[in-house]
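Work through these exercises with the model open. Try each task before you read its solution.

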Amino acid sequence: MEKEIEERFLSVCRSKINQLELIFKGFRVVSENVIQEADQMREEVKRHSTELARFIISESTPTRKGRDWAKPYLSMVTSFERMGYNMDGMVDCLKAMLENHVLFSDHAVKEVNDIFQGAMDLLERLPELIQTGNKLLAQRIGEQVRSILKIANGYSEDHEERLIQGVCVPKSSPHYLGLLESLRGIIAHILEISGKVVLISNRS
């Protein structure tokens, strides 16, 4: 990956890492200030993605690098943007939990923490992959993604069973499932980005 565009993608990636870290903290400590800070980050993070997309489009003209060069990069930007929508949904969910005094059981908190941590670990691996294009690292990311998604799917199924049995509180259920669904989306987009990085690396 060319140096200038690599640096721009690293900037976007780091902004996503910072945003998810803040959301994770907001979930752990249930702090209105932290959740508001995560909410305020939205525009800054979106600005990074928008600027990157504009740069790629400006470089994709026939007199520059062309459309074929731009396609995988724009696909990566789209995955980062969709990841942002998932994070926005999580912020909205945390705000609703705070406003409506929704609490999770210790069991549910542990499960969401597990998937949060898995998503953080994967996201924090992306900068190295963007810099190196290492296929082995991409393979490991893929394996980790599949493992975490399997665990997350199992948690959702177990939760539904607990809900039927009356163990879980119906008021908390949409928030729990919403957070898991958003985290699954983030993890899936990380896998998409990983695949595009390898594709770009192969053509270099």
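**Exercise 1.** Decide whether F104 is buried or exposed.

Step 1. Recall the cut-offs: buried means under 20% relative accessible area, exposed over 50%, and partly exposed in between, with a 1.4 Å probe and protein chains only. Step 2. F104 has 14% relative accessibility, so it counts as buried.

This is a predicted model: local features need pLDDT of at least 70, side-chain atom pairs count only at pLDDT 80 or more, and totals for chains, interfaces and linings use all residues. Residues are numbered from 1 along each chain as its sequence is written, and side-chain values use heavy atoms, with hydrogens and water left out.

**Exercise 2.** Find which aromatic pairs F27 and Y176 form with F104.

Step 1. Learn the rule: rings of Phe, Tyr and Trp (its six-membered ring) pair if their centres lie within 6.5 Å; planes under 30 degrees apart count as stacked, over 60 as edge-to-face and the rest as tilted. The rule gives seven aromatic pairs.
Step 2. F27 belongs to helix α1 (residues 3–29), while F104 is in the loop between α3 (67–99) and α4 (106–132), 77 residues apart. Helices here are DSSP runs (H or I, at least four residues), numbered from the N terminus.
Step 3. Now F104 with Y176: again 6.0 Å between centres, but 75° between the planes, an edge-to-face pair. This pair joins the loop to helix α6, 72 residues apart.
Step 4. Check Y176: its relative accessibility is 1%, so it counts as buried.
Step 5. Ring pairs link F24, F27, F104, F116 and Y176 into a cluster.

**Exercise 3.** Describe the surroundings of R184.

Step 1. Locate R184: it lies in helix α6 (residues 173–203). Step 2. Its relative accessibility is 16%, so R184 counts as buried. Step 3. List its contacts (heavy atoms within 4.5 Å). Beyond neighbours within four places in sequence, R184 touches L149, A152, N153 and S156. Step 4. Look for a polar contact, a pair of N or O atoms within 3.5 Å; within protein, one must be able to donate a hydrogen and the other to accept it, and residues adjacent in sequence count only if both atoms are side-chain atoms. The side chains of R184 and S156 make one, at 2.9 Å.

Note on methods: Helix = DSSP H or I, 4+ residues; strand = E, 2+ residues; numbered from the N terminus.
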